[in-house]
Amino acid sequence: MLPAVVKLCCGISYPHLRNMAGLQRAAVAVIGQEITHLQRWGWSQHLTGATAEFQYNESSHEAVNQMKDQLIYVKQGQEALRKATRILENKDGWNVEITESNGDVIYSKVMPGGRRVFRLESVLEADVDELYDILFLRVEEMHKWNPSIQQIKVLKRVGPETVVTHEVSAQTGGNLIGQRDFVSVRHSCKHKTHVYLGGAAIQLESFPPLAGFVRAEDGPTCILIRALGAGKTHFTWLLNMDVKGWLPKSIVNQALPRAQLDFTRHLRRHLTANACPR
């Protein structure tokens, strides 16, 4: 299974990043590192409210089944990233939705089936490692600086590059969609000068929708972070979401790009508040 997954993830070829030297070789190296991690027979699995660790034992049928389950999440995350980058690399059909004075631009296109997806292009005053730390490694802390999020909890950690999360949106003023909750797999591919963060909704029988909430579904979605030098990065975010419920499309299509702009505004404030003197 893993060789096929490698081929999928190494097919990433977002056009405006192609001018980066060694991108394809870097992607191969990142996935190779991931396989090395997976082939080490020690795993840590962090569950809500508890931490459980187990060591692989060749004679243990249960451990083998656990590893197979974990690899399924890795494959789902990598597949989400591959599909999301395919959406981005197709230049047809994108239209400008919003242009901000700070240079942020949001584009949209209608996908087969009628769903509209949104692409944010922005430049941030942060380096790749800092954004990777904030958006992936410390994802559970996102509610501290983003008031649109009530909570993000990591349900499972599958090696260093894949996690399963439960997210609850906050009930804030101006939230046209209302509160939603999400269960998603999130996968990262990191290199020195660029990062790919992909994700998609998954089904967990052990974690049904919360009472009183609508279980929305995101993905395939992704964030691409590329170093520009001088402490700046180019930030691309594909937002692809089915909010469920009975909201009119006009309301949803107004709220989602606004949520992207709100997110980057809160992220910039967080970066500024935590900036070290240069």
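Mentor: N240 touches I87, R115, V117, E217, D218, G219, P220 and T221, leaving out residues up to four places away in sequence; contact means heavy atoms within 4.5 Å. This is a predicted model, where local features need pLDDT of at least 70, side-chain atom pairs count only at pLDDT 80 or more, and totals for chains, interfaces and linings use all residues. Residues are numbered from 1 along each chain as its sequence is written, and side-chain values use heavy atoms, with hydrogens and water left out.

Trainee: Where is N240 found?
Mentor: In the loop between strand 13 (232–239) and strand 14 (241–242). Strands are DSSP runs of E, at least two residues, and helices are runs of H or I, at least four, numbered from the N terminus.

Trainee: Does N240 count as buried or exposed?
Mentor: Buried, because its relative accessibility is 5%. The cut-offs are under 20% for buried, over 50% for exposed and partly exposed in between, with a 1.4 Å probe and protein chains only.

Trainee: Which side chain makes a polar contact with the side chain of N240?
Mentor: That of R115, at 2.8 Å. A polar atom of the N240 side chain also lies 3.1 Å from the backbone oxygen of P220.

Trainee: Switching topic: at what angle do helix 4 and helix 5 cross?
Mentor: Roughly 120°, and the axes of helix 4 (residues 128–137) and helix 5 (residues 249–273) come within 12 Å.

Trainee: Which residues make the contact?
Mentor: E130, L131, I134 and L135 of helix 4, with F263, L267, H270 and L271 of helix 5.

How values were computed:
Axes fitted to C-alpha atoms, helices over the stretch in contact; angles between N-to-C directions. Polar contact = N/O pair within 3.5 Å; in protein donor to acceptor, adjacent residues only side chain to side chain.
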